[in-house]
Amino acid sequence: MMSHFEVRLFHDDASIVAIGEGLLAATLPREAWTHEAHLAACCWLLLDRPDITIERELPAIISAYNIASGGVNDDSQGYHETITQVYIAAVKAHLCEEGCDMPLYAVVNRLLLSNRGSRDLPLHFYSKEHLFSVPARRSFVAPDRASLDQM
């Protein structure tokens, strides 16, 4: 189940802050909204924006960004609630384990190079059929392969 994509690492905190702020303002260029950007934005939000309750507010933030950047949120594309919540849990677990006594970009890069940052992380917990179902896209569904407590 390993991904075969080259991980794009960050070289400074400013690039991560720009992604997070661009996401919130819905001005981030669509091509910049990569897997790595998703995880970097999540880290930044958790560390620097305690005013945002991420599990509750990130769905609307991403959905609004998708629309503003020319995308859609429907039963087959755009925002995916279960995947988002799985990665929020992964980022939180990573931050608890790693701590925050290093630059943001180093924290994010360590996440991206870990199992928790892999593109196929949700498939460790969900079958493809369950994860890519319409109910899983629209609302959080419990895993059918392994408990998220194993994050």
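How many helices and strands are there in the chain?

## Overall fold

There are 7 helices and 0 strands in this chain, where helices (H or I, at least four residues) and strands (E, at least two) are DSSP runs numbered from the N terminus. The radius of gyration, taken over C-alpha atoms, is 15 Å, close to the 15 Å that the globule rule gives for 151 residues, so the chain is as compact as a globular protein of that length; that rule is 2.2 Å times the number of residues to the power 0.38. Along its principal axes, the C-alpha trace spans about 40 × 35 × 30 Å.

This is a predicted model, in which local features need pLDDT of at least 70 and side-chain atom pairs count only at pLDDT 80 or more, while totals for chains, interfaces and linings use all residues. Residues are numbered from 1 along each chain as its sequence is written, and side-chain values use heavy atoms, with hydrogens and water left out.

## Burial and contacts

Of the 151 residues, 46% count as buried, which is to say under 20% relative accessible area, with exposed set at over 50% and partly exposed in between (1.4 Å probe, protein chains only). Among contacts with a separation of 6 or more, 65% come from residues 24 or more positions apart, a contact being heavy atoms within 4.5 Å.

## Helix H3

Helix H3 covers residues 54-68, and its 15 residues should span 21 Å at 1.5 Å a residue, which agrees with the 20 Å between its end C-alpha atoms; the expected span is 1.5 Å times one less than the number of residues. The buried residues of H3 are Ile54, Leu58, Pro59, Ile61, Ile62, Ser63, Tyr65 and Asn66. What covers these buried residues includes helix H1 (13-25), helix H2 (35-48) and helix H4 (81-98). Just after H3, Gly70 takes a positive phi of about 95 degrees.

## The loop between H1 and H2

Ala26 lies in the loop between H1 and H2, and this residue has a positive phi of about 60 degrees although it is not a glycine. With a relative accessible area of 25%, Ala26 is partly exposed.

## The segment after H7

Leu148 is placed in the segment after helix H7 (134-138). Leaving aside neighbours within four places in sequence, Leu148 is in contact with Val86, Phe125, Tyr126, Phe140 and Pro143. Leu148 and Ile83 are 65 residues apart in sequence and 12 Å apart in space, C-alpha to C-alpha.
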